Amino acid sequence: MTPDPAPEVLRYTAFSADPAGGNPAGVVLDASGMGEEAMLAVAAELGYSESAFLTERTGGGAYGIRYFSPKAEVPFCGHATVATALALAERDGPGELKFATAAGPVPVTVVREGGELRATLTSVAPRVEEIAAADLTEALTALDWAAADLDPALPPRIAYAGARHLVLAAATRERLADLAYDFARLEALMHRLDLTTLQLVWREGPGVFHVRDPFPVGGVVEDPATGAAAAAFGAYARELGLVPDTAVLTLHQGADMGRPGTLTVELRAEDARIRVSGTGTRIG
């Protein structure tokens, strides 16, 4: 019997037009014949924080999609969604897409701005919840942060817009830049709370934030640009009244890793969902 041919694996970075910036993702545009173990093996071999697999095409720009980190499947991944949408746009042209994710339907619009393609995803309905005091203490201990390192104007919360993220705001840029955490301890807490990343934030100005995302549950120390967490943060910022109900936020991520990227988060008063957009490019 002839073995099934290996899938074509594309490599894209999202949230930067520079291949050396943003967050790289593997993209398989035809994963219809792949099982879960094969998808996980591809993601593990690539070693990127996530890879995306289009499992079926249902017509009219609609696709089934799954996401895998090197260690496990995740319900939703923003940067791999953007990367996949850009890959499809390069193949088929810009337009409207709809991805059926494990978290729910995620529409994506791809447009060409000048010489660049730009993708905007619309999240599932978000929610924000409190974190127990003991769990917050454990998170700070794993990070080696003191309570005084937190910005009291941005209180800790767990936010969801397709995946769960613990939002912790640093009081200074220096605190955010100095990231050295207990991998196993943080991973254990995140598994217990069903967290995908921690969204560590420092507020530069009214609508400008710098963020970092530890991702030990995915087998990665840090995610360079995290679209799902950006969407969750948009919901968090609105829920706590940190920004107007209609606003555009700029999130800078990856500079501390040497992979700078920019995520644009849009809030609309008439729509609870969060829009996250960015550019991207093929690697290699």
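This is a predicted model: local features need pLDDT of at least 70, side-chain atom pairs count only at pLDDT 80 or more; totals for chains, interfaces and linings use all residues.
Helix H1 is followed by Gly 47, a residue with a positive phi, near 80 degrees.

Helix H1 spans residues 36–46, and its buried residues are Met 39, Val 42, Ala 43 and Leu 46. Viewed down the axis of H1, these buried residues fall within an arc of 95 degrees, so they line one face of the helix. The face of H1 turned away from the buried side carries Glu 37 and Glu 45, which are exposed.

What do the buried residues of H1 pack against? Their partners are four strands: E1 (10–14), E2, E3 (50–59) and E4 (62–68).

Strand E2 covers residues 23–28 and includes Asn 23. Is Asn 23 buried or exposed? Its relative accessible area is 1%, under the 20% cut-off, and Asn 23 is therefore buried.

The side chain of Asn 23 has polar partners in this setting. One is the side chain of His 79, with which the side chain of Asn 23 makes a polar contact at 3.2 Å. The side chain of Asn 23 also reaches the backbone oxygen of Ala 225, at 2.8 Å. When neighbours within four places in sequence are left aside, the residues in contact with Asn 23 are Tyr 12, Thr 13, Ala 14, Ser 49, His 79, Asp 223, Pro 224 and Ala 225.

Conventions: Residues are numbered from 1 along each chain as its sequence is written. Side-chain values use heavy atoms; hydrogens and water are left out. Helices (H or I, at least four residues) and strands (E, at least two) are DSSP runs, numbered from the N terminus. Buried means under 20% relative accessible area, exposed over 50%, partly exposed in between (1.4 Å probe, protein chains only). A polar contact is a pair of N or O atoms within 3.5 Å; within protein, one must be able to donate a hydrogen and the other to accept it, and residues adjacent in sequence count only if both atoms are side-chain atoms. Contact means heavy atoms within 4.5 Å. The arc is that of the directions from the helix axis to the C-beta atoms.
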